[in-house]
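Work through the exercises below with the structure open. Each task is followed by a solution in steps.

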Amino acid sequence: MRVCELREKEVINVCNCKRLGNPVDLVFDACSGCIEAIVIPGPGKICGFLGSDSEYVIPFSCIKKIGEDIIFVEICEEKYLVSCK
(Lines give C-alpha, C1' and ligand atoms only; values in the text may rest on other atoms or scores of the structure.)
Protein backbone atom coordinates (compact mmCIF):
# COMPACT_ATOMS: atom_id res chain seq x y z
CA MET A 1 0.00 0.00 0.00
CA ARG A 2 1.23 3.48 -0.84
CA VAL A 3 1.01 6.51 1.44
CA CYS A 4 -1.26 8.33 -1.02
CA GLU A 5 -3.71 5.40 -0.80
CA LEU A 6 -3.60 5.50 3.01
CA ARG A 7 -4.46 9.23 3.01
CA GLU A 8 -7.70 8.54 1.11
CA LYS A 9 -9.03 6.14 3.76
CA GLU A 10 -11.44 7.27 6.46
CA VAL A 11 -10.48 6.54 10.08
CA ILE A 12 -13.27 5.22 12.33
CA ASN A 13 -13.01 4.66 16.09
CA VAL A 14 -14.62 1.28 16.82
CA CYS A 15 -15.23 2.21 20.48
CA ASN A 16 -17.90 4.79 19.62
CA CYS A 17 -18.24 4.44 15.81
CA LYS A 18 -17.09 8.05 15.41
CA ARG A 19 -15.51 9.27 12.19
CA LEU A 20 -12.14 10.85 13.04
CA GLY A 21 -11.12 11.96 9.54
CA ASN A 22 -8.40 11.05 7.04
CA PRO A 23 -4.71 10.57 7.83
CA VAL A 24 -2.57 13.57 6.88
CA ASP A 25 0.81 12.34 8.07
CA LEU A 26 2.73 9.30 9.29
CA VAL A 27 5.32 9.00 12.06
CA PHE A 28 8.25 6.74 11.13
CA ASP A 29 11.05 5.22 13.20
CA ALA A 30 14.19 6.48 11.43
CA CYS A 31 16.26 3.43 12.40
CA SER A 32 13.85 0.63 11.51
CA GLY A 33 11.79 2.44 8.87
CA CYS A 34 8.57 1.15 10.48
CA ILE A 35 5.42 3.24 10.85
CA GLU A 36 4.93 4.20 14.50
CA ALA A 37 1.73 6.28 14.25
CA ILE A 38 -0.76 7.93 11.94
CA VAL A 39 -1.70 11.60 12.35
CA ILE A 40 -5.26 12.85 11.84
CA PRO A 41 -6.42 16.48 12.24
CA GLY A 42 -8.43 17.02 15.42
CA PRO A 43 -11.96 18.38 15.64
CA GLY A 44 -12.62 21.95 14.48
CA LYS A 45 -12.74 24.83 16.95
CA ILE A 46 -16.36 25.90 16.41
CA CYS A 47 -18.83 23.17 15.40
CA GLY A 48 -16.18 21.49 13.25
CA PHE A 49 -15.28 24.68 11.36
CA LEU A 50 -12.38 27.16 11.41
CA GLY A 51 -9.57 24.63 11.42
CA SER A 52 -8.05 22.79 14.32
CA ASP A 53 -5.29 23.41 16.82
CA SER A 54 -5.01 19.74 17.79
CA GLU A 55 -4.46 16.39 16.13
CA TYR A 56 -4.86 12.71 16.86
CA VAL A 57 -1.55 10.83 16.95
CA ILE A 58 -2.67 7.22 16.88
CA PRO A 59 -0.06 4.48 17.46
CA PHE A 60 0.07 1.83 14.77
CA SER A 61 -0.67 -0.79 17.43
CA CYS A 62 -4.16 0.76 17.89
CA ILE A 63 -5.10 0.08 14.27
CA LYS A 64 -7.42 -2.93 14.23
CA LYS A 65 -8.08 -3.29 10.50
CA ILE A 66 -7.24 -1.53 7.26
CA GLY A 67 -9.91 -2.10 4.63
CA GLU A 68 -10.33 -0.88 1.07
CA ASP A 69 -11.62 2.54 2.12
CA ILE A 70 -11.72 2.51 5.95
CA ILE A 71 -9.20 2.22 8.77
CA PHE A 72 -10.62 0.92 12.06
CA VAL A 73 -8.86 2.06 15.24
CA GLU A 74 -9.60 1.37 18.89
CA ILE A 75 -8.67 4.38 21.02
CA CYS A 76 -9.77 6.59 23.88
CA GLU A 77 -9.86 9.83 21.89
CA GLU A 78 -8.86 12.12 24.77
CA LYS A 79 -5.66 10.11 25.30
CA TYR A 80 -4.39 10.55 21.74
CA LEU A 81 -5.59 14.10 21.04
CA VAL A 82 -2.55 16.38 21.28
CA SER A 83 -2.04 20.09 20.77
CA CYS A 84 -0.28 21.16 17.57
CA LYS A 85 1.35 24.14 19.27
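Predicted model: local features only at pLDDT ≥ 70, side-chain atom pairs only at ≥ 80, totals over all residues.

**Exercise 1.** Determine in what order the strands of the open sheet lie, and which strands are at the edges.

Solution. 
- Step 1. The open sheet is made of 4 strands, and their order is 3-4-5-8, with antiparallel pairing.
- Step 2. From one strand to the next, the twist averages 35°.
- Step 3. Strand 3 joins strand 4 through 4 bridges in the antiparallel sense. Aspartate 25 has valine 39, in strand 4, as its bridge partner.

**Exercise 2.** Find which residues have the most contacts inside the largest nonpolar core.

Solution. 
- Step 1. This core holds 14 residues.
- Step 2. Those with the most contacts inside it are Val11, Leu20, Ile38, Ile40, Ile58, Val73 and Ile75.
- Step 3. At least two core residues come from each of strand 4 (35-41), strand 5 (54-59) and strand 7 (70-73).

**Exercise 3.** Decide whether glutamate 77 is buried or exposed, and list what glutamate 77 touches.

Solution. 
- Step 1. Glutamate 77 sits in helix 2 (residues 77-80).
- Step 2. Its relative accessible area is 9%. The cut-off for buried is under 20%, so glutamate 77 is buried.
- Step 3. Beyond four places in sequence, glutamate 77 touches Asn13, Asn16, Lys18, Leu20 and Tyr56.
- Step 4. With asparagine 13, the contact is polar, side chain to side chain, at 3.2 Å.

Technical notes: Residues numbered from 1 in each chain as written. Heavy atoms only, no water. Core = buried A, V, L, I, M, F, W, Y, C linked by side-chain atoms within 4.5 Å. Buried < 20%, exposed > 50% of the residue type's maximum accessible area, 1.4 Å probe, protein only. Pairing = 2+ DSSP bridges. Axes fitted to C-alpha atoms, helices over the stretch in contact; angles between N-to-C directions. Contact = heavy atoms within 4.5 Å. Polar contact = N/O pair within 3.5 Å; in protein donor to acceptor, adjacent residues only side chain to side chain.
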